[in-house]
Amino acid sequence: MRNLWTIAKREFSLYFSSPLAYTIGFLFLFIVGLLFVLNLGSLALSPFGFGAAPDVRIVTGPMAFLLLLTTPAITMRLLADEARMGTLELLLTAPVRDVELVAGKWLGAFLFTLTIIAFTFIFPIILNGLVKPGIDQLQMIAAYLGVILLAAAFLGLGVGISSMFSNQIATFFVTLVVFIVLWWLVGAPANLLPVGGEPFRYLDMSSHFYDSFNNGIISLSGVVYYLSLTALGIFLGTLAIEIRRWR
Amino acid sequence: MRILTGYMPPSSGAASIAGFDVVSQSLEARRQVGYLPETVPLYTDMTVFGYLKFMADLRHLPEAESAVEEALEKVGLLERASGYIGNLSKGMRQRVGLAQALLHKPQVLILDEPTIGLDPAQISEVRNVIREVGREHTVLLSTHILSEAQQLCDRILIINRGKIIVEDTPANLQNSLSGGQRMEVKVRSQAQSLLPVLEKISGLKNLSLNQGNSLQFSYEAGADPRPEVARAIIHANADLLEMRSINLSLEEIFLQLTGEEPSQAQAE
């Protein structure tokens, strides 16, 4: 546990000296903010008035999708760069378990992503002030929990993929492809097949978020799904490190 | 080496270090070892102190900061502690790597070609540090520079194609492999005519005639035919210019042992 924290701490502080991390954070917040303003603006200017009052979804909806695009850039460095620089040899010969190493890397990235997500909290607060009598607080909590779980799953898979490569760019694209498959393609049979497609819906990363958390429903299956993906990613990463040793 | 440090599992056989098996007690074994790989693993975007502090934390050192300072002092880098590793010269980086390996005062220090790619001044710096450290710790060092092994090591193992072919002290290696002592004798002229004279002296072996009127022979360490040789040469009315013993260099020993063709380099 202590090693895990040591590694996470180093990783976390490294993000704050990395221009890439600042760029990602800035773009993330900028796009979420921009969409927030545009959404509010279009609702305010629409001839039908506000209709249904806007809720937290105008913040968390785009955030979930943006996580898909940004988390590969956050995780691509984690283990791939250690392998390239040769520092992996240092960590693998230190008295640290492989799983502590991978999980520590994940935790560092997760804490960094949480920091970015924390900044977006300003938008629901603004929204809360704009609509009467304020936004649905429980829905907001559920949606944010969904975003955080989603981030955990993305980062878990990302760190797993990063441990299989020693090139950051390759890692980025492979991670992105895996995410796209899990986000759009895996669930597709549910809509295409006349029968028997239903189980695929449970494998779909986006439907777990948009169909439940984002609507204010904390679903147990969703929590289990995202946490399993996180664990799977960390497990695969540990396995990849183990395989590296045998080569 | 990578097996001993726990980086790779052995493909066959077993290895243990300080009494701990590297496979079944891997973490315990890794705690006993300080390791400096061939390519020094450094985070160039960290400060020297930050990097060593991180490694000290990974090793659960109770007083990490004082351990870092102590290690830095040993390698003489205390004044660069707050500098970024990326800005250091190669020799300094090597020393940071060495400090990393020394942090936890390991029982065994494993260094993989610690002086490779350094300039002569840096090489002697690093060698001094290693010699210093060798007084307190066991140092296992791999090198392709044989004179370095000769200078630094108490015991030398030569490994060829994965097999240990010899293991001994540098001095013993030289004695046993040169087949006793070798001598060279130089005369002013007509070295050839001395050959039959010297052949009669007992204890001489491998007598041979070289260019420039010099003769070479070897003898067993016990018998010492040198005075006889000198007398015989004087008797034969030849002008004796020089008599000296030749020590085989480790390079030659290495070539002899690995069965490769010796290069042009002659014994010195």
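**Note on the predicted model of chains A and B**

1. In this predicted model, the interface brings 20 residues of chain B into contact with 18 residues of chain A. On the side of chain B that touches chain A, helix 1 (26-31) and helix 2 (48-58) of chain B each supply at least two residues. Helix 2 of chain B provides the largest share, four residues. By residue class, this side of chain B comprises 11 nonpolar, four polar and five charged residues.

2. The largest nonpolar core holds 106 residues, of which Leu150(A) and Ala99(B) touch the most other members. Helix 8 of chain A (residues 137-162) gives the most to this core, contributing 15 residues.

3. Leaving aside residues up to four places away in sequence, Ala99(B) touches Leu52(B), Ala71(B), Leu72(B), Lys74(B), Val75(B) and Leu77(B). Another core, of nine residues, lies apart from the largest one; Val185(B), Val187(B), Leu194(B) and Leu215(B) are among its members.

4. Chain A contains 13 helices and zero strands. Its radius of gyration is 19 Å, close to the 18 Å that the globule rule gives for 247 residues, so chain A is as compact as a globular protein of that length. Along the principal axes, the C-alpha atoms of chain A fill a box of roughly 65 × 50 × 30 Å.

5. Of its 247 residues, 40% count as buried. Among the contacts in chain A with a separation of 6 or more, 80% are between residues 24 or more positions apart.

Definitions and conventions: Residues numbered from 1 in each chain as written. Chains lettered and ligands numbered in written order. Predicted model: local features only at pLDDT ≥ 70, side-chain atom pairs only at ≥ 80, totals over all residues. Contact = placed C-beta atoms within 7 Å. Nonpolar A, V, L, I, M, F, W, Y, C, P; charged D, E, K, R; others polar. Core = buried A, V, L, I, M, F, W, Y, C linked by C-beta atoms within 7 Å. Buried ≥ 20, exposed ≤ 12 C-beta atoms within 10 Å, placed from the backbone. Rg over C-alpha atoms; globule rule 2.2 N^0.38 Å.
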